[in-house]
Amino acid sequence: MSTRTRHPLPLPDLTGTRAVVTGGSDGIGLGIAARLAGAGAELLLPVRNAEKGAAAVDRIRSAAPDALVSLAQLDLSSLASVAALADTLLARGEPIHLLIDNAGVMTPPTRQSTADGFELQFGTNHLGHVALVLRLLPLLRAGSARVVSQTSVAANEGAVNWDDLNWEHRYDPMGAYRQSKIAVGLFGLELDRRSRAAGWGITSALSHPGVAPTSLLAARPELGRPRETTARRVIGALSRRGLLFGTAESAGEPALLAAIEPDAGGSFFGPSGPGHLGGRPARQQLYRRLRSETDAARMWAASTALVGVAVE
């Protein structure tokens with residue numbers, strides 16, 4: 001069965017919407033960014049690699065010459081880098097209307113640490129975004145923002161290693177990845193609950209891209225992976241044939257749907273094809289591991305303590 005999206009999700013006119021997309025320099029994030037810019041959004045891409053970021057801007061503008069898109073420096077594996085970006089944006093004082101937390105890393109073969117000593121996947125995929133959201137809270141509140149957190153089909157398996165969140169003992173690459181994506185989901189849902197309770201005006205939704213051939217499983221020498229994985233080759237071959245898996249473009253559509261749906265707060269979006277691996281975007285039932293409000297509150301408390309950002 002083909003899961004290829006022949007008719008992309010239509011977007012409304014986003015003129016006047018100030019959007020921030022992490023991980024927008026390639027893959028799914030670049031596809032999301034290009035669609036938002038093409039719909040008229042004023043787009044900020046915080047990137048780690050300035051050269052890749054500049055190439056992404058060129059690609060976006062080649063498709064949408066009038067696109068309003070700019071770059072900023074951000075390394076989500078460094079809380080100092082997150083704070084520096086937040087300070088810059090807070091000084092500008094421009095409200096943010098849409099934040100899509102999309103960037104991530106996947107399954108380094110051996111345990112690696114962020115600049116702050118966190119396990120790399122937990123620190124980058126989750127804690128870096130936590131710090132970004134919390135530090136930008138005044139601008140998100142000013143823009144009555146929608147926050148979309150990109151989790152994964154991996155969050156439907158595994159568990160949070162509560163006794164060793166940083167995997168200092170018995171590191172498991174996929175186990176740590178699954179935990180990071182469960183954490184992303186729990187925090188995103190708790191953000192929506194706390195916003196409603198405190199009247200912040202922010203709505204928070206979750207999305208997952210299914211499975212698509214992106215750089216997550218490609219050769220990443222800096223992560224200790226000199227060659228692309230066998231899984232990446234299989235995914236790419238099937239994706240090119242329109243079978244089972246999505247493309248980098250179609251995989252971004254659940255996040256776009258989560259960004260534009262009027263009543264998306266606390267909801268979960270993903271592909272609607274077989275196994276939710278590819279296909280058109282649609283609302284989905286929350287994974288069992290994301291349903292506990294107790295776990296969500298616990299993850300919020302643990303995460304805010306780890307990143308050192310208090311919220312009144």
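**Salt bridges in a predicted model**

Student: Okay, what is the mean pLDDT of the chain?

Tutor: Start with how many residues reach 70 or more: that's 86% of the chain. Averaged over the chain, the pLDDT comes to 90.

Student: And how many contacts beyond near neighbours in sequence does the stretch at residues 1-5 have?

Tutor: Over residues 1-5 the pLDDT is below 50. Still, the model places this stretch in contact with parts beyond its near neighbours in sequence, and the count is 22.

Student: What about residues 234-239, how many contacts are there beyond four places in sequence?

Tutor: Residues 234-239 also have a pLDDT under 50. For contacts beyond four places in sequence, the model gives this stretch 13.

Student: Back to Arg178, which residue is its salt-bridge partner?

Tutor: Look for a carboxyl oxygen within 4 Å of a side-chain nitrogen of Arg. For Arg178, the closest N and O atoms of the pair are 2.9 Å apart, and the partner is Glu157.

Student: How many residues apart in sequence are the parts that this pair ties together?

Tutor: Glu157 sits in the loop between strand 5 (146-150) and helix 6 (173-198), while Arg178 belongs to helix 6 itself.

Student: Is Glu157 buried, partly exposed or exposed?

Tutor: Buried needs under 20% and exposed needs over 50%. Glu157 has a relative accessible area of 42%, so the label is partly exposed.

Student: Are Arg193 and Glu190 buried or exposed?

Tutor: Their side chains meet in a salt bridge, 3.2 Å from N to O. Both lie in helix 6, three residues apart, so about one helical turn separates them. As for accessibility, Arg193 and Glu190 are each buried.

Student: Last one: how many salt bridges are in the whole structure?

Tutor: Some share partners, joining Glu190, Arg193, Arg194 and Glu293 into one network. Searching the whole structure, the total is eleven.

How values were computed
Residues numbered from 1 in each chain as written. Predicted model: local features only at pLDDT ≥ 70, side-chain atom pairs only at ≥ 80, totals over all residues. Heavy atoms only, no water. pLDDT = per-residue confidence, 0-100. Contact = heavy atoms within 4.5 Å. Helix = DSSP H or I, 4+ residues; strand = E, 2+ residues; numbered from the N terminus. Buried < 20%, exposed > 50% of the residue type's maximum accessible area, 1.4 Å probe, protein only.
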